[in-house]
Amino acid sequence: MDLSPPPGDLTLLPEWLALAGHRSANPEPSLARLFAEDSQRAQRLCVEHEELLLDYSKNLVTDETLALLTGLARARDLPGQIEKLFAGARVNSSENRAAFHVALRAPRGSVSEIEGNDVGPQVQAVLARMADFSERVRSGEWKGQTGKRIRHVVNIGIGGSDLGPRMALRALRPYASADLRVDFLANLDGADFAARVEHLDPAETLFVVCSKTFNTEETLANARVARDWLVAALGAETAVARHFAAATANVEAAAHFGIDPALCFEFWDWVGGRYSLASSVGLSLMLAVGPEAFRAMLAGMHAMDSHFRRAPLEANMPVLLGLLGVWYTGFLPAETHCIAPYSQDLAEFPAYLQQLEMESNGKGVGAGGGELEHHTAPIVWGQSGTRGQHAFFQLLHQGTRRVPVDFIGFARSHNPVADHHDRLMAHCFAQSEALAFGHADEPHRACPGNRPSNTLLAPLLTPGVLGQLVALYEHKVFVQATLWGVNPFDQWGVELGKKNARQIFSEIEAGSAVSPHHDGSTRALIQRYLAERRGGD
């Protein structure tokens, strides 16, 4: 079983051609007119599940558009592909394995089978070990080499092993322990390492190395430097066993590095990096917020999983967001998508979604190996409001490019300072209204409106709500991958750059012999770098 949709070029399907005909036969709908003609539009184009409300009424779609889009989803067998995902089928076709991250957040006692093997007990066993270790560190029972308690945790990872826990810890800041500071080291730049350890006491520091294979170049380079720093300060290699833990599928390699196997928390090859927050990659997050909050986040993810699997396409949040994205990239068109969380605690969410969407669906070759004749993932970007309003919203309102926006807001704040939160949310609602309906004035002041947006609203940014948001966008990516016919679970473009970097690094290490196989520009840059480096020695 794989993710490949029914055979045939997407753009030649009758359902795609029907959408193209619908687009060309009808002028761009006016949001002002659509709302004027339908007093119930806001109520009808709205979905609510658990604590999340999705208002998608400010999109450039009619009922006919939505019906045609769901028809396209059925033609691409979206319901069947969803079932394959939840059945543990080998939906990662290029690597011939499952992408079964939904099993990571299934409740205790539930069955999560991959080809007849129930992985639920393995998942729960690792979660229990994570919880036990987290409680020992948080309580002070776990001591470092010198007998001091751990007060600092540094997560060493990159990509999904960094962006996920980094985003989630920022989002759940109000739930984090005041006695334990958690930081993140990702960049292969000495400045990042220096900044992370500048004020740390090695005797009070725990490093968590996150790497599925335990051979990720950037992560292992940073882990080695951290180990050297620790051993130099504490004077013994044995300190590694008290100050390092790992999240990995390669326990043997982690143990060879010096990490106690009892502190190696497993995850599996069916967990992709950018889908790994709910796995042992979330250990740093659990250390910060505690096992109870971590499990609440998993419960929120599972709630959205259940909605995605069971809700009809027409009332399914991830499906609707995915279909709207296909509409904009394929027919209007829009090349980018903006994420605007009106929550400073969600400041890292746009960066997290950049990897989730662009690494998953940023492909020009289909799951079957053929070159695609249609666009796939948009460029995802954004920033928290209201900061973004004074940076790029000018372009959103009056620029020449169409940019759909997702606004994310909350009815209550963990930090109710004066009337700040009411002002913040007033801006959130005002911006979506201004984008949709514009403002007539002399040319340089006029805003044309008809700029589409979604608004997601929840009562409060809790662990459960964060879990719902993460799973919502994960499944949106899957919907779009299914319609576009790509495999969202591999990233071969990333691998090419890594391969080239290994070759160039070997040449830099040698110090002089630059391969003639490089192009002229790359050869000249390497030679200039080597000359400048020698000059600084």
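1. What percentage of the 537 residues of the protein count as buried? The answer is 53%, where buried means under 20% relative accessible area, as found with a 1.4 Å probe on the protein chains only. Please keep in mind that this is a predicted model, in which local features need pLDDT of at least 70 and side-chain atom pairs count only at pLDDT 80 or more, while totals for chains, interfaces and linings use all residues. Residues are numbered from 1 along each chain as its sequence is written, and side-chain values use heavy atoms, with hydrogens and water left out.

2. On overall form, the protein has a radius of gyration of 25 Å, which agrees with the value near 24 Å that a compact globule of 537 residues would have; the radius is taken over C-alpha atoms, and the globule rule is 2.2 Å times the number of residues to the power 0.38. The secondary structure comes to 20 helices and 13 strands, which are DSSP runs numbered from the N terminus (helices are H or I with at least four residues, strands are E with at least two).

3. Strand β13 (residues 453–458) deserves a careful look, since 5 of its 6 residues are buried. Strand β12 (residues 405–410) pairs with β13 in the parallel sense over 6 bridges, and Gly409 stands opposite Leu457 in β13. Strand β2 (residues 52–55) runs antiparallel to β13 and is joined to it by 3 bridges, with Asp55 opposite Thr455; two strands pair if DSSP finds at least two bridges between them.

4. β12, α17 and β13 make a right-handed β-α-β unit, meaning that, with the strands pointing away from the viewer, the path from the first strand over the helix to the second runs clockwise. The helix of this unit, α17 (residues 420–437), also gives the most to the lining of the second largest pocket, with 3 residues.

5. The second largest pocket has a volume of about 370 Å³, and of the 20 residues that line it, the closest to its centre are Ser343, Gln344, Ser413, His421 and Leu424. A pocket is an open set of points on a 1 Å grid over the protein atoms alone where a 1.4 Å probe fits, with protein on both sides within 12 Å along at least five of seven lines, and lining residues have an atom within 4 Å of a point.

6. The largest pocket has a volume of about 940 Å³, a volume being the space filled by probe spheres set on the grid points, which are joined across faces, edges and corners. Of its 40 lining residues, the closest to the centre are Thr216, Gly273, Gln491, Glu495 and Lys498, and α19 gives the most to this lining, with 5 residues.

Key. Buried means under 20% relative accessible area, exposed over 50%, partly exposed in between (1.4 Å probe, protein chains only).
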